Amino acid sequence: VNKGAAPTAATHGLATENQRFLHLSLTDAAGGLEVALYAYNHAFGTWGEFIPVGSAAAATIAATGATIHKVFDISGTDRIGFRITNGVWDNNADDFFAAASTF
């Protein structure tokens, strides 16, 4: 998870390898965290906030003193990136995991 700026280079983030679903898990020990998702498409050559199909809002995952799991449909997205947009990351107590699947 990037604690600073949003991804900008074609090599930033993680390759999706044509997976359809992105599974996220965020654990915040205390204080609250929010992570924003960014998408990269090779055809455009640019990064942007990831807005899921059927939504008007940019995709995020947030947790306060809990573990939250979320699943997003990322069909057609070539790379996915993450940035902490709220809260302070604690290396000893907070966790963030991302996995992808085709079904």
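Modeller: Let us begin with a term: a residue is called buried under 20% relative accessible area, exposed over 50%, and partly exposed in between. Please bear in mind that this is a predicted model.

Colleague: Is R20 buried, exposed or partly exposed?

Modeller: The relative accessible area of R20 is 40%. Buried requires a value under 20% and exposed a value over 50%. R20 therefore counts as partly exposed.

Colleague: With which residue does R20 form a salt bridge?

Modeller: A search of the whole structure finds one salt bridge. Its closest N and O atoms are 3.1 Å apart.

Colleague: Which strands stand at the edges of the open sheet, and why is one side of each left without a neighbour?

Modeller: The open sheet is formed by three strands in the order β6-β2-β8, with antiparallel pairing. Each edge strand has a single partner strand, so one side of it has no neighbour in the sheet. From one strand to the next, the twist averages 15°. The edge strands are β6 (67-73) and β8 (95-101).

Colleague: Which residue in β6 stands opposite T27?

Modeller: Strand β2 covers residues 21-27 and pairs with β6 in the antiparallel sense over seven bridges. In β6, the residue opposite T27 is T67.

Colleague: Is I84 buried or exposed?

Modeller: I84 is found in strand β7 (residues 79-86). Leaving aside residues up to four places away in sequence, I84 touches V1, N2, K3, L33, E34, V35 and W89. Its relative accessibility is 10%, and buried means under 20%. I84 therefore counts as buried.

Colleague: How far apart in space are I84 and A36, C-alpha to C-alpha?

Modeller: In sequence, I84 and A36 are 48 residues apart. In space, their C-alpha to C-alpha distance is 6.3 Å.

Colleague: Which elements give two or more residues to the lining of the largest pocket?

Modeller: The largest pocket holds about 170 Å³ of space. Its lining has 13 residues, of which V1, N2, G13, G81 and F82 lie nearest its centre. The elements that give two or more residues to this lining are β7 and β8.

Technical notes: Residues are numbered from 1 along each chain as its sequence is written. This is a predicted model: local features need pLDDT of at least 70, side-chain atom pairs count only at pLDDT 80 or more; totals for chains, interfaces and linings use all residues. Side-chain values use heavy atoms; hydrogens and water are left out. Two strands pair if DSSP finds at least two bridges between them. Helices (H or I, at least four residues) and strands (E, at least two) are DSSP runs, numbered from the N terminus. Axes are lines fitted to C-alpha atoms, for helices over the stretch in contact, and angles run from 0 to 180 degrees between N-to-C directions. Buried means under 20% relative accessible area, exposed over 50%, partly exposed in between (1.4 Å probe, protein chains only). Contact means heavy atoms within 4.5 Å. A salt bridge is a side-chain nitrogen of Lys or Arg within 4 Å of a carboxyl oxygen of Asp or Glu. On a 1 Å grid over the protein atoms alone, a cavity is a set of points where a 1.4 Å probe fits but cannot get out, and a pocket is an open set with protein on both sides within 12 Å along at least five of seven lines; lining residues have an atom within 4 Å of a point. Grid points are joined across faces, edges and corners, and a volume is the space filled by probe spheres set on the points.
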